[in-house]
Number of protein chains: 2
Amino acid sequence: MSRKSKGINAERELLHQFWQTGKWIALRTPASGSMRYPCPDLLVGNLLRKLAIECKTTTSDRQYISQEQVDNLQYFSRVFGAEPFVAVRFQKEGWFFLTLEDIETTKAENYVISKELAKRKGLLFEELIQEKNAKSL
Amino acid sequence: MSRKSKGINAERELLHQFWQTGKWIALRTPASGSMRYPCPDLLVGNLLRKLAIECKTTTSDRQYISQEQVDNLQYFSRVFGAEPFVAVRFQKEGWFFLTLEDIETTKAENYVISKELAKRKGLLFEELIQEKNAKSL
């Protein structure tokens, strides 16, 4: 399976996880070129919260994210009214959800999330969807 | 061009219209079979409002909508927290946006929107995006 297909499969898995809660709606944005707009990989939400999520899977111990991707996620979240998150999955680990504040502490040009950072700062799925973690926009 | 392609083109046009306002985010949901969940054709939003929109284009004077589509739109809107709309475009006309209340007044099994109903009850794009038309959820 190509790296891209693996990424899309992982994204779909995460989408199913949200639907399976019965309390969240999750949408994948089309990967096709027709979407030239700054959209996150997933948009999930319920009455109380909306989350814009950029999904990354890696076989390495570090996941890089471009300034452009961070900018897009920020723009989308600000206009739509959503909390921006980067979801990272390292091999043999579950998803870690990081806020942009957690990521921005690393580098100026390209951002990087190490496995260590993800484990230290990231929220697990169960933590992410807890209402007490809802932030005001 | 097939009827399906025409429908998708019309949906994309509407998506662009929302983005061009600079004040709204618009997402198309993937048409592929992977999305077995009850998602509307378009989800658009800003800080104040989220709209779940089912898009229909027709060369006829009547547009039918199934009970299932109405149910899905209602479910999605209730869980995500969005205002449900059906957008209909008849030939040589712009889009008309109808609430489910406007449509529900017609039939029990399959719903129908006539051109006459659309013109009488539907909102135009400019009316839809006006803040004064925001409804509380």
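Predicted model: local features only at pLDDT ≥ 70, side-chain atom pairs only at ≥ 80, totals over all residues.
Two residues are in contact here if their C-beta atoms, placed from the backbone, lie within 7 Å. Leaving aside its neighbours within four places in sequence, L98(B) is in contact with F85(B), V86(B), V88(B), I103(B), I113(B), A118(B), K121(B) and G122(B). L98(B) also belongs to the largest nonpolar core, which has 68 residues. Within that core, the residues with the most contacts are L42, A87 and L98 of chain A together with L42, A87 and L98 of chain B. As general background, nonpolar side chains tend to be buried together in soluble globular proteins.

Let me now turn to the layout of chain A. Chain A contains 5 helices and 7 strands. Read from the N terminus, its elements follow the order α-β-β-β-β-α-β-β-α-β-α-α. Of the 137 residues in chain A, 36% are buried. Among the contacts in chain A with a separation of 6 or more, 54% are between residues 24 or more positions apart.

I begin with the helix α1(A). Which residues of α1(A) are buried? They are E11(A), L14(A), L15(A) and F18(A). Seen down the axis of α1(A), these buried residues fall within an arc of 105 degrees, so they line one face of the helix. The buried residues of α1(A) pack against β1, β2, β3, β5 and β6 of chain A. On the face turned away from the buried side, α1(A) carries the exposed residues S5(A), H16(A) and Q20(A). Just after this helix, G22(A) takes a positive phi of about 75 degrees.

Helix α2(B) comprises residues 67-80, 14 residues in all, and reaches 20 Å from its first C-alpha to its last, close to the 20 Å expected at 1.5 Å a residue. Its buried residues are L73(B), F76(B), S77(B) and F80(B). Why do these residues lie on the same side of α2(B)? They cover an arc of only 95 degrees around the axis, which puts them on the same side of the helix. The face turned away from the buried side of α2(B) carries Q67(B), E68(B) and D71(B), which are exposed. Just after α2(B), G81(B) has a positive phi of about 90 degrees.

Next come the strands of chain A. β5(A) and β6(A) pair in the antiparallel sense over 5 bridges, and V88(A) stands opposite F96(A) in β6(A). Of the 5 residues of β6(A), 4 are buried, so this strand is largely enclosed by the rest of the structure. β5(A) and β6(A) form a hairpin with 4 residues between them.

The turn of that hairpin includes K92(A), whose phi is positive, at about 60 degrees. Most residues other than glycine have a negative phi. Is K92(A) buried or exposed? With 6 C-beta neighbours inside 10 Å, K92(A) counts as exposed. In chain B, K92(B) lies in the loop between β5 and β6 of that chain. Its phi is near 60 degrees, again a positive value in a residue other than glycine. K92(B) has 5 C-beta neighbours inside 10 Å and therefore counts as exposed.

Another pairing in chain A involves β4(A), residues 62-65, and β7(A). These two strands run antiparallel and are joined by 4 bridges. I65(A) stands opposite Y111(A) in β7(A).

Finally, I come to the contact between the two chains. How many residues does the contact take from each chain? It takes 18 residues from chain A and 18 residues from chain B. On the side of chain A that touches chain B, the elements giving two or more residues are α1, β1, β2 and α2 of chain A. The residues on this side of chain A divide into 11 nonpolar, 5 polar and 2 charged.

Notes:
Residues numbered from 1 in each chain as written. Chains lettered and ligands numbered in written order. Pairing = 2+ DSSP bridges. Nonpolar A, V, L, I, M, F, W, Y, C, P; charged D, E, K, R; others polar. Buried ≥ 20, exposed ≤ 12 C-beta atoms within 10 Å, placed from the backbone. Core = buried A, V, L, I, M, F, W, Y, C linked by C-beta atoms within 7 Å. Expected span 1.5 Å × (residues − 1). Arc of directions from axis to C-beta.
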